[in-house]
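Hi,

Here is the structure I said I'd pass on.

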Amino acid sequence: MTSRIPRDSRLRLVRPRPLAAAPRAVNQRRPQRPAPRPPEGTPAPAELARMARTGLAGAVRVARWADTALGSGSPGATADGKATLSDPTAARAAADLGLNAAQVRADWDTARLAGLVEVHGDSARPGWRLRAWDRDDSAVLRGWVALFDAWSLASPEPEEHEPAAVAEVVSAMPQVLSFLQLSAGPVPRVQLLDLLQQRVTELRTERCEVSYEPGTELPAQTDAEPAADTPLPPLLDWALGALGAVGALTYGDDQATLTPLGSWAVWVKLEQICVAAQSPAGNIEQSAEDMLRGCAQLRPNAARAEYRAWLAARPVGGAVTELIGAARGEDALLRGLAFEALRVVGGSAEPDVHAVVDEPALRPYALLWLAEHDGVDPEDAHEVLTREEATWLWVDTAAAVADHGEAPMLVRHLESAVQPTVPQLLDEVRAVGHPRTVQVLVALAAAHPDPALAKAVRRAAFQVHTGG
């Protein structure tokens with residue numbers, strides 16, 4: 001006869017992981033379409049990562065020198081709050097590395113753009129990508145894509161041209177890059193110039209589409225608006241040169257060709273647009289809450305692409321406010337997804353995340369976000385939480401699984417608890433005071449196959465419900 005006395009059932013220990021990542025278990029379902037494949041001839045991810053490591057070797061060298069010679073978070077690395085190397089620091093690095101100061105500064109700027117170095121207030125710190133550089137190909141490729149996205153900052157803008165004209169060319173270049181990617185080979189400069197002129201003309205036409213009523217005067221051209229006769233050939237040469245500087249293409253003999261890395265990055269961008277465009281709920285135009293609900297069924301990579309598209313369509317400040325507002329709601333799943341979207345926002349969200357640290361419902365999520373933003377490895381970020389905060393987050397995540405997941409997921413969620421035994425978990429869950437405690441325990445008792453453990457969980461739910 002089997003004993004019905006609740007046992008001290010040990011929880012199976014698993015590798016520590018950030019608890020904020022647990023809500024992802026809810027949306028680990030089969031995708032609605034097969035994972036897209038890059039164009040034929042695209043190197044494997046490991047080979048692309050090798051190329052990226054080679055291209056960014058100088059930036060990694062300077063970033064590691066700064067980490068070792070200056071110490072993590074040293075304010076002496078920069079001359080201002082913009083992560084510009086001070087003259088003494090650049091000279092010291094040049095002497096230690098056998099380079100000249102100009103090369104050190106160039107590699108430092110590349111390291112910042114690739115996320116190998118992060119700026120926090122008045123100090124510069126090594127980014128998490130630098131820590132993962134030798135072991136994580138995906139971190140390397142994300143770093144290179146970040147540099148690719150910032151290509152217009154990698155080379156000085158031509159001073160003899162109006163900033164508005166430069167901005168037009170930067171806005172038009174994605175179409176030029178798409179054409180290069182589809183061509184899959186060298187494209188003559190004259191053909192690229194013709195395409196650039198067409199796209200710039202379209203941008204100017206769109207900008208002039210203002211409402212006009214009889215009796216009103218049309219707005220006069222301001223100094224910020226480029227003249228229609230702005231010469232584009234020098235700006236095209238600058239853009240192609242800047243893209244060549246980050247390793248996205250080669251440019252010479254009056255023709256341009258995407259590198260394998262550049263072709264892959266353009267394909268990634270196009271695929272992200274396609275994923276967002278195929279969203280069945282039209283997430284890009286939705287509110288933050290509706291957008292997050294639309295992303296709940298997507299796999300993490302597809303969801304991040306959707307977040308980026310949604311963020312690109314609105315001012316950053318307003319988007320961050322919307323996301324935090326969604327996180328304050330009653331749906332625990334949206335809370336976790338909102339902070340995943342805030343991770344995509346990056347440093348621009350730091351003040352707003354700091355502002356919610358004292359809100360009990362958001363505190364664990366905010367602390368994890370801030371730790372990862374400060375360069376803590378995501379695998380170790382959960383260590384910044386107290387035992388009580390980790391338990392509160394465990395209950396919140398369990399509520400998300402109970403509302404949106406399946407019973408086996410809730411049972412597996414036991415593995416992420418910090419408590420080594422079920423009785424300890426139940427005692428601390430009862431003490432933490434989460435508003436969804438009763439519902440979570442009832443759902444866990446109904447889902448767990450062990451009758452004795454289920455009985456203990458039901459008893460704990462009853463005691464919480466009655467205040468016992």
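Strands β3 (residues 187–188) and β5 run antiparallel to each other, paired over two bridges; pairing here takes at least two DSSP bridges between two strands. Helices (H or I, at least four residues) and strands (E, at least two) are DSSP runs, numbered from the N terminus. In that pair, Pro188 sits opposite Gln255 of β5.

A quick word on the source: this is a predicted model, where local features need pLDDT of at least 70, side-chain atom pairs count only at pLDDT 80 or more, and totals for chains, interfaces and linings use all residues. Residues are numbered from 1 along each chain as its sequence is written, and side-chain values use heavy atoms, with hydrogens and water left out.

Back to β5 (residues 255–258): Ala256 and Leu258 make up its covered face, while Gln255 and Thr257 are on the uncovered one. β5 also pairs with β4 (residues 249–252), again antiparallel, over four bridges, and Thr257 is the bridge partner of Thr250. β4 and β5 form a hairpin with two residues between them, and Asp253 in the turn has a positive phi of about 55°.

Then there's helix α14 (residues 316–327). Which of its residues are buried (under 20% relative accessible area, 1.4 Å probe, protein chains only)? They are Ala319, Val320, Leu323, Ile324, Ala326 and Ala327. Seen down the axis of α14, they fall within an arc of 155° (taken from the directions from the helix axis to the C-beta atoms), so they line one face of the helix. These buried residues pack against α12 (288–295), α13 (300–312), α15 (332–345) and α16 (350–355), with contact meaning heavy atoms within 4.5 Å.

Cheers

Methods:
Buried < 20%, exposed > 50% of the residue type's maximum accessible area, 1.4 Å probe, protein only.
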